[in-house]
Amino acid sequence: MEEIRAAKIQIRDEIANTISALSASEIDEKTRAIESRLFEFANFLESKVALLYVNSKLEVKTDSIIQTAYKYNKIVVLPAFDPVSFKMTLMKVDAFDQELIPGPRGVPEPDAARCKIVPMDRIDITIIPGLAFDEKGGRVGSGTGYYDRLIPRLAITTRKVALTFEEQIIPQVPMESHDKYVDIIITDRRIIYKI
């Protein structure tokens with residue numbers, strides 16, 4: 001258990017160094033490649049209700065993805081985080097520029113006074129952030145476990161899709177019993193279906 005936690009901390013540090021070494025133009029180019037793959041991806045195109053995320057520093061930027069999702073007539077759902085229970089509340093956001101407030105994680109999130117809660121079983125596709133992934137769908141997140149708690153609560157038919165740079169794909173993610181896998185990973189170079 002402690003060994004796995006220590007390994008994950010090391011992975012987070014290594015990925016942070018790798019991403020920090022990329023130039024702004026490289027990051028923009030990679031992000032555009034991921035966006036174009038996502039918007040050609042059948043599971044995304046066929047979905048009506050999409051759970052997306054507002055990125056933190058080392059995650060794939062999503063502001064453009066969220067704006068484009070509106071153009072594709074998606075119902076955009078974003079998470080609000082509870083730092084006490086480590087659970088998320090999923091909320092429909094109709095106006096990305098107007099309905100977000102600063103969240104406890106330093107990332108904007110839906111304003112509960114303006115956004116309606118969306119039941120878990122209404123989500124067709126979930127776009128999941130992470131810092132590192134392997135080709136089996138193993139994931140290293142920020143370490144707070146929000147998404148590991150969310151994934152089992154989603155409907156079995158809900159596609160769980162990660163967005164990441166190719167540099168964030170590692171040979172093997174050390175997994176604990178509570179860690180959850182994603183189904184599909186979209187990188188700037190390819191789409192990986194869980195083996």
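Q: By class, how many nonpolar, polar and charged residues does the lining of the largest pocket have?
A: Bear in mind that this is a predicted model. The lining of the largest pocket has 10 charged residues, together with seven polar and four nonpolar ones.

Q: What volume does the largest pocket have, and which residues are the closest to its centre?
A: The volume of the largest pocket comes to about 330 Å³. Its lining is made up of 21 residues, of which Arg 12, Gly 143, Thr 144, Gly 145 and Asp 148 are the closest to the centre.

Q: Which elements give two or more residues to that lining, and which gives the most?
A: Helix 1 (2-20), strand 9 (139-140) and helix 5 (146-150) each give two or more residues to the lining of the largest pocket, and it is helix 5 that gives the most, with four residues.

Q: Turning to strands, how do the side chains lie in a regular strand, and why is strand 10 described as largely enclosed?
A: In a regular strand the side chains alternate between the two faces of the sheet. As for strand 10 (residues 159-163), four of its five residues are buried, that is, under 20% relative accessible area, so the strand is largely enclosed by the rest of the structure.

Q: Which strands pair with strand 10, and over how many bridges?
A: Strand 7 (residues 125-128) pairs with strand 10 in the parallel sense over four bridges, and here Thr 126 stands opposite Lys 160 of strand 10. Strand 11 (residues 184-186) also runs parallel to strand 10, joined to it by three bridges, with Ile 185 of strand 11 as the bridge partner of Ala 162.

Notes:
Residues are numbered from 1 along each chain as its sequence is written. This is a predicted model: local features need pLDDT of at least 70, side-chain atom pairs count only at pLDDT 80 or more; totals for chains, interfaces and linings use all residues. Side-chain values use heavy atoms; hydrogens and water are left out. Buried means under 20% relative accessible area, exposed over 50%, partly exposed in between (1.4 Å probe, protein chains only). Two strands pair if DSSP finds at least two bridges between them. On a 1 Å grid over the protein atoms alone, a cavity is a set of points where a 1.4 Å probe fits but cannot get out, and a pocket is an open set with protein on both sides within 12 Å along at least five of seven lines; lining residues have an atom within 4 Å of a point. Grid points are joined across faces, edges and corners, and a volume is the space filled by probe spheres set on the points. Ala, Val, Leu, Ile, Met, Phe, Trp, Tyr, Cys and Pro count as nonpolar, Asp, Glu, Lys and Arg as charged, and the others, Gly among them, as polar.
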